[in-house]
Amino acid sequence: MVICGIQKLTLLDYPGKVACTIFTGGCNFRCPFCHNADLVTGKPEVTVTGEEIFRFLRKRQGLLDGVCISGGEPLLQPDLEDFIRGVRSLGYSVKLDTNGSMPDKLESLAEKGLLDYVAMDLKNAPEHYGRTIGAETYDVGNVDRSIRFLMGGEIPYEFRTTVVREFHQKADFEEMGRWIEGADQYFLQQFMDSGHVIAPGLHAYDEKILFQALEIVKKYVKTAQIRGL
Ligand code: SF4
């Protein structure tokens with residue numbers, strides 16, 4: 001596992017759990033608004049060993065309930081399954097953050113009972129997906145497979161979209177809503193420029209527009225909320 005960092009306590013990342021978040025290195029997408037370019041390009045300034053992570057997790061047993069595995073894209077890590085088994089053996093629940101591009105790996109982990117919660121990014125409407133992930137010709141077939149798998153399965157899940165003025169228009173929210181129609185939970189996340197984004201110069205919408213977008217997607221899913229305001 002390439003682990004680039006750990007947030008030792010989060011009350012926000014894992015719904016209903018007191019958790020920590022582990023950040024894996026490397027991603028197969030290049031979303032221009034990605035707030036951690038170093039993590040994505042696999043050239044992090046700091047890496048953490050698995051041994052250090054497990055030492056930390058053993059110390060926090062009984063204090064933390066869950067571990068969020070985030071990235072980058074965690075499903076790229078070849079030894080993710082073993083890592084999750086190790087985390088679970090210490091009694092932790094596991095939440096996976098994924099961009100949904102690797103449905104085979106997602107399904108495999110889920111079917112082995114290794115995931116307790118999945119948060120999947122929905123980057124944009126299908127026709128604008130490639131531009132939004134920094135790969136113009138991207139085929140959304142795998143993303144669609146991950147959506148169908150989560151919506152048809154038993155694992156609690158959410159979809160989430162980071163809303164960026166330069167990428168998302170009104171029609172895109174209609175399209176995204178239709179794409180995941182009937183989904184349990186959908187979050188629109190306010191874009192924030194961390195100062196380390198892949199492509200500087202992007203903007204958030206003001207709150208009023210974000211709430212208009214929320215009204216659009218609410219028509220299609222069971223619950224929709226805004227994060228990051
Ligand atoms: S936002 Fe997520 S999917 Fe996009 S490049 Fe960054 S880590 Fe990868």
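One cavity of 30 Å³ or more turns up in a search of the whole structure; a cavity here is a set of points, on a 1 Å grid over the protein atoms alone, where a 1.4 Å probe fits but cannot get out. This is a predicted model, with local features needing pLDDT of at least 70 and side-chain atom pairs counting only at pLDDT 80 or more, while totals for chains, interfaces and linings use all residues. Numbering runs from 1 along each chain as its sequence is written, and side-chain values use heavy atoms, with hydrogens and water left out.

**Cavity**
- The largest cavity has a volume of about 40 Å³, taken as the space filled by probe spheres set on the points.
- Its lining (residues with an atom within 4 Å of a point) is made up of Phe-33, Asp-121, Leu-122, Lys-123, Arg-160, Thr-161 and Thr-162.
- Strand E6 (residues 157–163) gives the largest share of that lining, three residues; strands are DSSP runs of at least two residues, helices (H or I) of at least four, numbered from the N terminus.

**Cysteines**
- Zero disulfides show up in the whole structure, a disulfide being a pair of cysteine sulfur atoms within 2.5 Å.
- Cys-20 is buried at 0% relative accessibility, where buried means under 20% relative accessible area (1.4 Å probe, protein chains only).
- Cys-34 is buried as well, at 19%.

**Backbone**
- Most peptide bonds are trans.
- Gly-71 and Gly-72 are joined by a cis one, with omega about 10°.
- Gly-72 sits in the loop between strand E3 (66–70) and helix H3 (80–89).

Notes. Buried < 20%, exposed > 50% of the residue type's maximum accessible area, 1.4 Å probe, protein only. 1 Å grid on protein atoms, 1.4 Å probe; cavity = no way out; pocket = protein on both sides within 12 Å on 5 of 7 lines; lining within 4 Å.
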